[in-house]
Amino acid sequence: MFLGLSICRGFQTEKDSLRSLTVSTMIHSLFLINSSGDIFLEKHWKSVVSRSVCDYFFEAQERATEAENVPPVIPTPHHYLLSVYRHKIFFVAVIQTEVPPLFVIEFLHRVVDTFQDYFGVCSEPVIKDNVVVVYEVLEEMLDNGFPLATESNILKELIKPPTILRTVVNTITGSTNVGDQLPTGQLSVVPWRRTGVKYTNNEAYFDVIEEIDAIIDKSGSTITAEIQGVIDACVKLTGMPDLTLSFMNPRLLDDVSFHPCVRFKRWESERILSFIPPDGNFRLLSYHVSAQNLVAIPVYVKHNISFRDSSSLGRFEITVGPKQTMGKTIEGVTVTSQMPRGVLNMSLTPSQGTHTFDPVTKMLSWDVGKINPQKLPSLKGTMSLQAGASKPDENPTINLQFKIQQLAISGLKVNRLDMYGEKYKPFKGIKYMTKAGKFQVRT
Amino acid sequence: MSAAPAYNEDKGGSAGPGEPEYGHDPASGGIFSSDYKRHDDLKAMLDTNKDSLKLEAMKRIVAMIARGKNASDLFPAVVKNVACKNIEVKKLVYVYLVRYAEEQQDLALLSISTFQRGLKDPNQLIRASALRVLSSIRVPIIVPIMMLAIKEAASDMSPYVRKTAAHAIPKLYSLDSDQKDQLIEVIEKLLADKTTLVAGSVVMAFEEVCPERIDLIHKNYRKLCNLLIDVEEWGQVVIISMLTRYARTQFLSPTQNESLLEENSEKAFYGSEEDEAKGPGSEEAASTALPARKPYVMDPDHRLLLRNTKPLLQSRSAAVVMAVAQLYFHLAPKAEVGVIAKALVRLLRSHSEVQYVVLQNVATMSIKRRGMFEPYLKSFYIRSTDPTQIKILKLEVLTNLANETNIPTVLREFQTYIRSMDKDFVAATIQAIGRCATNIGRVRDTCLNGLVQLLSNRDELVVAESVVVIKKLLQMQPAQHGEIIKHLAKLTDNIQVPMARASILWLIGEYCEHVPRIAPDVLRKMAKSFTAEEDIVKLQVINLAAKLYLTNSKQTKLLTQYVLSLAKYDQNYDIRDRARFTRQLIVPSEQGGALSRHAKKLFLAPKPAPVLESSFKDRDHFQLGSLSHLLNAKATGYQELPDWPEEAPDPSVRNVEVPEWTKCSNREKRKEKEKPFYSDSEGESGPTESADSDPESESESESKSSSESGSGESSSESDNEDQEEDEEKGRTSESEQSEEEGKKKKMKKRKKVPEGQEGGLSSDEGSDSSSSSSESEMTSETEEEQVEPASWRKKTPPSSKSAPAAKEVSLLDLEDFTPASVQPVSPPTVVSTSLAADLEGLTLTDSPLVPSLLSPVSGAGRQELLHRVAGEGLAVDYTFSRQPFSGDPHMVSVHIHFSNSSDTPIKALHLGTPKLPPGISIQEFPEIESLAPGESATVVMGINFCDSTQAANFQLCTQTRQFYVSIQPPVGELMAPVFLSENEFKKEQGLQGGR
């Protein structure tokens, strides 16, 4: 009994001392792991954490069978592993103490976004090729585990992104990617915009992109449908322009979230977006169109998928057609569907486009292209089923992708864009587009 | 080493930089060959004078570090380059140094002097970066140097350097915790910093070093609240979570009051099943314990925090939104928590990891506050493409949200889910159906039937899960379900899943009297296959045998003995034990009679039905949004969310300086102190905004902060869908609401003074009054309305006597009456300014006012209608003149001030066709022909707001342009003064009741 107690106490003190030595830092280390389980990059912001900590992650990965089912938070005896999975790479952050999980997850996503911004794509080979830039960027993004510079405008001032031209120049002249003048953005009152921006062509483009999320039931009626939109901007303007963007019908916007540059009060009082934009590409606004408004569903899918009990053949037929398109053409239509396990193969003929069926993953995908209302695209044929097996009791759901140019399905319209604070006349452009978000048809 | 330069010159001479030997792909692994001299070439490169070679070497070294290879033996060669002129080399050396300094402490000291020099550099960025690297070198011997550097940097001119100092604090603390006291001093100093750049970092340092020193926050509390919106996102998260803890220690629980209210009024009206279902236990207990307590008043500082965090729900950062959501959940009055639902639902559109975390929190919240998420039920519908872990969390939320009204839709959804290909998910769905069936009695039979149908499903897992759930449901009302039990009994032939078999056997045993014919037969079959069964099934077979023996020993005696004998020789000792134990109990023997006499009671005692409840129940004792909440276990370093204090600690600790106002009460002084911060933060948020806040009356900000302190003020604010819509329309933003609120209270304050205000009609309070006390007001008003609709209203608000003490505080607010609207007076003190002006206005109203159009109106109280930038040089302000409009007594007269700041005259200023809500009408002002540059003009127009606070939208047209503008009246501006004698007043007051 005594022995037990003293051991206990000993353990306690050891733990305490451990605690005092490793007083929390938000993010201790970061490991990048590819889909085959190799750690191809590690970065530590404090003392080194052995990469063996990732074994716990691999264990969880194995248990999860699919990458997307790996729990984002994994507790281990001494650490917590928080991960995000993007572009087939796991970004695993190691933390030691209590920290809001979303804080870390949000940061990891920001890291991925930054890489994407820097290199165009974020993939294992690209990260390996640019390992030094990656390392420098990570070094700037966190200080002692706490985020320091996460705005891409500022980072790009600190560390220039590699371009083909610069790589060539660098190899010839031996110059570097690190900005030669010191960054000033962090010091300005507008921390998201760098100073001294200069362009010969001043232009500001705004893309209003709306996505329809919908679940359509078997009979074709809408179970749930909502519109989520974003306004992505590409602003290349000299100096410190102050922009205002107003809508014809701001009431449509039910729930909004802003880039930090947007003045909240102005929006509250006047429903006007007033902001000093960051330089380059950024997401100005995401919004949700209120659920009270009926959502126009631009396409319909007619389907007839049937399995018969005794037969080893099933019938498959789908037709896609336009519904409420406001007179626009539906383009870029693709149909994908996860077929039941019992389906061995499918022999189908499309009236247009191309289709593939992967007998291993049982994934059917049909690249339709444009929908011609006069001649509706259809995909017909038979499925061969496992002989002897009874008919699958589930029907596949059909996922739809499509695009409609020059249309914001909610009817949102930008009224005007004004610029103050600078003298020149900028070139302004607004583009609208509607896309399918998570658009599912149940069968 | 001496040979190195020569070697290198050779190389350099022959091929120059970038030649093959150096030009390896760092990732190719060639340089990681196990040759012990492997780094010689790198060392040589580092020793050259060529920056490009050094850079190449450093790049390769960093690539090694990135891959987790050991590069520590290069330390001496690298550290030499710490003072290198080339910035990129220098940076990479820093990277290396920070990584390996801990392992090579002595050598690392070589670099220190470089950083010390950097700390004195005139360039702030160099100072900052020197401090950053210096503090990152984890070498205990330099602790004093670091301490000195931090102290110095904390009083640096540049906020950026101060920010770096704040970052350095936790680094030093983790190196040497003995420095805590000194570091706290630095933290205290930095906490007083007024720049947004520093705020987030220093709070982070505070949280890591001395989270227990809550006293350091007092003086900075209001500043932090006001700076919050301009702090960068990461800092916001840290500050919000710290303030949540702070608020829990400093303010009183807003819900204690609610429970009181509920008992008094709400219970009677709305106390239907829903409220009760939410959380009857805790609340009732609280309310019975509390009635003796004095009514709750929300501390204005508490309100300040809630108000200033609310806009952050619109942040693009999920972490910030979650932080605000948890703050509201833990700190806001129940009625206000609803605002967070929309933002949280928005996050469900984000990456799946974000969804995962958010759904966990929503699951916890939806148990406590179901009503909050009910409108968003459909947002939790599951798509076949969701990852399984998301599906299961959504299912959890759907189950929590299911109630009597929406259960049909929910069940229809569940029906689709059952046919999913994802079997784990199907199993979870079946469990969810079971939970719905237990929670909602009405659908229990439907669910049970559905589940029974699932028993013929082809998938065994589905069947097994259904059996388990059916078993639990049957336990609630076994008598009616003999048929189902029979059906289940038949299934024993087919189902192989052990858990399901065991469940069926248990059911048959437990309710053997409902199936007297079948039960022995099942036992017979099971006895036959006993040896082949799984352990849990065997245990249940023994169980079944024992129960049958006790009820029907005639038929089953032999079977039981057979089973027990088989079990006696089982491989599993649990089963052998159970067999021996059972035998002793049921078979009467000579000596052990005592227990066996009660065997029937033991085996067939009525058993309570299992409670199917969410695994998220009671998780909210962890702070939401925290790691501990997610794991449902305390994480290292988790700080408990303190319970609300019984008695509010002294609020005056948050006062920043000693105010001059000696006449006023302590509380009022506090409010006054906030003003500067307000204007600060408003000024910072944007150049164009300063105009709308500046001319506001003196006490405006003060009232903003305190006006909402009314007890149940917002009891309907968020629950109420309509109101949310209102907000969408921009009609009643929170602050406006609070202003109105404040006005009402203010009026109450002047109880003995004849009460009133010029300018129009009282607003329809029904729409925006949310104070519980005004409910009664509202009813009496509507009565009045019937009597004399749309006329100047006689109105006597309840006096503060009858109002709860809660109101008393806010009564001191001097609201929008302060702007001396009639005539600018300049009385001696501030208090009397407003009061005098006020009283003046009141006395004037006794006699009919002479409408003096275009009388000079003071600048105070001007609101901006059109900013000069937006108006292309035309600036338009408006004031409520608080005089009757000459044309139409129903109209409020509004003075419009035009001024032309452009360099061309503005011509033909007139009113365009207004688009007005029904009831509202506008009397146009005469067209202004021309407004010369620099000139200004004032006109009067009348607006009939129709007793509402709806905005009047109209167009201002010039010759060339049209501007859309809108005027929204505060409630106070819509009221007209009336004279009442004291007796009349008391009578009216009596009528109001006021509770």
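Tutor: Chain B brings 104 residues and chain A 112 residues to their contact, where contact means heavy atoms within 4.5 Å. The model is predicted: local features need pLDDT of at least 70, side-chain atom pairs count only at pLDDT 80 or more, and totals for chains, interfaces and linings use all residues. Residues are numbered from 1 along each chain as its sequence is written, chains are lettered from A and ligands numbered from 1 in the order in which they are written, and side-chain values use heavy atoms, leaving out hydrogens and water.

Student: What area is buried between chain B and chain A?

Tutor: About 9700 Å², with 55% from carbon and sulfur atoms. Buried area is the accessible area (1.4 Å probe) that two parts lose on being put together, summed over both.

Student: What makes Lys171(B) and Asp143(A) a salt bridge?

Tutor: The rule asks for a side-chain nitrogen of Lys or Arg within 4 Å of a carboxyl oxygen of Asp or Glu. Here N to O is 2.9 Å, so the pair qualifies. Between chain B and chain A the count is 11 salt bridges.

Student: Why does Cys447(B) count as buried?

Tutor: Buried means under 20% relative accessible area, exposed over 50%, partly exposed in between (1.4 Å probe, protein chains only). Cys447(B) has 3% relative accessibility, so Cys447(B) is buried.
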